Amino acid sequence: MLPATRSRPRSTARNLVFNTLNRVFDALALRSRCLLCRTTGLGSTDTLCRYCAAALQPSSRPCCTCLRSTVFVPDTEERQCLACRRDPPPWARLVAPYRYEPPLDALVPRIKKVRGLLELSLLAELTGVAVRNDYEGRVLPQALIPIPMAWTRKFTRSFNHSEQLAARLARMLDLRVLRRGLRRTKGGPPQRRLTRSERLTNVRGAFQATRRIDGLQHIALIDDVLTTGATMTAATRALTKAGVERVDVWVTSYTPTDRLAAL
Ligand SMILES: [Zn+2]
Ligand SMILES: [Zn+2]
């Protein structure tokens, strides 16, 4: 087992409280209501009713590095599409099992607005299962790094959902989390308020790797939703620039192409 990461005392205390609360919620298994449709009478370990669970089927993933459904290179082990072969994204592998659309898009805002811990646990569980399936027979990353919040948002929201998601995934998969493996070097408005091209400019050069990644060759970046990929591109480049050989990206969901067109 690798040593736990150190952090500043105030953050440590805050995270200790969050983690304890998370465990209490998990232990109590307050799951008698469906998280999506609020139907009551669920089993003690269920978070969704069977109808909502059926609606949350993972999408079939056409390519190991993108979400485009296109032409494949035949007989390749990794099922990478031709577009990625010609113009590869900066990451080596992408896990994004669900489309960010109903009913899943009702869960994510609750995590951010009201610190929905049960919703967070559900997302972690869905993502962790997808990762296990996806990496079957493959080597897992040495550490997980959550996408850090912009410092401007830390004043309004002390809860970093990516950090919490990464912590739960790490517990599920017995991996290490580097909460401060990356830091934001510039602020800017939240990505969700920007157009596609503005998002790229907004996060270009926005991340810098810290010394905590020293000696690591394979890292997975963690977030809840992949929209245009601009944030993950910038974060991946910061890690590879600092010497990380391979960066994978794990998100619970991705914005489908038709929704992206509206940005
Ligand atoms: Zn339901
Ligand atoms: Zn592809």
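These notebook entries record what I looked up in the structure.

**Basis**

I worked from a predicted model, in which local features need pLDDT of at least 70, side-chain atom pairs count only at pLDDT 80 or more, and totals for chains, interfaces and linings use all residues. Residues are numbered from 1 along each chain as its sequence is written, and chains are lettered from A and ligands numbered from 1 in the order in which they are written.

**Confidence**

I looked up the pLDDT, the predictor's confidence in each residue from 0 to 100. Its mean over the chain is 81, and 76% of the residues reach 70 or more. Residues 1-8 have a pLDDT below 50, and beyond near neighbours in sequence this stretch has eight contacts in the model; a contact requires C-beta atoms, placed from the backbone, within 7 Å. Where pLDDT is low, the predicted coordinates should not be read in detail.

**Overall content**

I noted 10 helices and eight strands in the chain; these are DSSP runs numbered from the N terminus, with helices being H or I of at least four residues and strands E of at least two. Of the 263 residues, 35% are buried. A residue is buried if 20 or more other C-beta atoms, placed from the backbone, lie within 10 Å of its own, exposed if 12 or fewer, and partly exposed in between. Among contacts with a separation of 6 or more, 70% are between residues 24 or more positions apart.

**Helix α7 and its end**

I checked the length of α7, residues 161-173. Its 13 residues should span 18 Å at 1.5 Å a residue, and the end C-alpha atoms agree, being 18 Å apart; the expected span is 1.5 Å times one less than the number of residues. Its buried residues include Glu163, Ala166, Ala167 and Ala170. Asp174 follows α7 and lies in the loop between α7 and β4 (176-177). Asp174 is not a glycine, yet its phi is positive at about 55 degrees. Asp174 counts as exposed because it has 8 C-beta neighbours inside 10 Å.

**Packing of α5 on α7**

I then examined α5 (residues 117-134), which packs against α7 at an angle of about 50 degrees with the axes 9 Å apart. The axes are lines fitted to C-alpha atoms over the stretch in contact, and angles run from 0 to 180 degrees between N-to-C directions. The angle makes α5 oblique to α7; under 35 degrees counts as roughly parallel, over 145 as roughly antiparallel, 65 to 115 as roughly perpendicular and the rest as oblique.

I found Leu200 in α8 (residues 196-203). Leu200 is partly exposed because 17 other C-beta atoms lie within 10 Å. Leu200 and Ala234 are 34 residues apart in sequence and 8.5 Å apart in space, C-alpha to C-alpha. Ala234 is one of the buried residues of α9. The 12 residues of α9 (230-241) should span 16 Å, and the end C-alpha atoms are 16 Å apart, which agrees.

**Backbone points in loops**

I recorded a cis peptide bond between Pro102 and Pro103, with omega about 5 degrees. Pro103 is in the loop between β2 (98-99) and α4 (107-114). Arg38, in the loop between α1 (9-28) and α2 (50-55), has a positive phi of about 65 degrees although it is not a glycine. Arg38 counts as exposed, with 9 C-beta neighbours inside 10 Å.

Technical notes
Contact = placed C-beta atoms within 7 Å.
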